[in-house]
Amino acid sequence: MRNLGNTYWEFDKKIANNYYLRAFEISKDITDNKGMLKSLSNIGNYHNEIGEYDKALSYYLKALKISENIDDKEEIFWQYWKIAGNYQ
């Protein structure tokens with residue numbers, strides 16, 4: 001689902017976000033932490049892109065929490081990067 005979202009990103013961001021939301025739900029159902037954090041981060045990117053910075057931040061923070069819980073240092077870095085960029 002995330003890959004479909006990434007494909008649609010260039011053409012229709014709203015459709016892409018719908019795929020990210022579905023990917024999150026599937027990842028949640030099967031307890032795929034990496035999938036959940038990637039999906040949350042992508043959803044945050046969508047909200048950031050359309051100017052909904054508070055919503056973007058909330059998704060980035062959720063992704064950061066999962067990244068910290070699974071001790072994924074690379075994802076922790078990227079979530080902090082996105083949070084910082086959200087304040088530009």
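1. A search of the whole structure finds 3 salt bridges, a salt bridge being a side-chain nitrogen of Lys or Arg within 4 Å of a carboxyl oxygen of Asp or Glu. The model is predicted, so that local features need pLDDT of at least 70 and side-chain atom pairs count only at pLDDT 80 or more, while totals for chains, interfaces and linings use all residues. Residues are numbered from 1 along each chain as its sequence is written, and side-chain values use heavy atoms, with hydrogens and water left out.

2. Aspartate 72 forms a salt bridge with lysine 34, and the closest N and O atoms of the pair are 2.4 Å apart. Because aspartate 72 lies in the loop between helix H4 (53-69) and H5, and lysine 34 in helix H3, this pair ties together parts that are 38 residues apart in sequence; helices here are DSSP runs (H or I, at least four residues), numbered from the N terminus. Aspartate 72 is buried, with a relative accessible area of 13%, whereas lysine 34 is partly exposed at 36% (buried means under 20% relative accessible area, exposed over 50%, and partly exposed in between, with a 1.4 Å probe and protein chains only).

3. Lysine 38 and glutamate 75 meet through their side chains in a salt bridge of 2.8 Å, N to O. Lysine 38 belongs to helix H3 and glutamate 75 to helix H5, so the pair ties together parts that are 37 residues apart in sequence. Glutamate 75 is buried at 6% relative accessibility, and lysine 38 is partly exposed at 30%.

4. A salt bridge also joins the side chains of lysine 73 and aspartate 71, at 2.8 Å from N to O. Here lysine 73 is exposed, with a relative accessible area of 58%, and aspartate 71 is partly exposed at 49%.

5. Turning to the helix pair, the axes of H3 (residues 33-49) and H5 (residues 73-86) come within 12 Å and cross at roughly 15°, where axes are lines fitted to C-alpha atoms, for helices over the stretch in contact, and angles run from 0 to 180 degrees between N-to-C directions. H3 and H5 are therefore roughly parallel to each other, a term for angles under 35 degrees.

6. In the contact between these helices (heavy atoms within 4.5 Å), Lys34, Leu37, Lys38, Ser41, Asn45 and Asn48 of H3 meet Glu75, Gln79, Lys82 and Asn86 of H5. By class, this contact has 1 nonpolar, 5 polar and 4 charged residues, with Leu among the nonpolar types, Asp, Glu, Lys and Arg counted as charged, and Gly among the polar ones.

Definitions and conventions. Helix = DSSP H or I, 4+ residues; strand = E, 2+ residues; numbered from the N terminus. Parallel < 35°, antiparallel > 145°, perpendicular 65-115°, else oblique.
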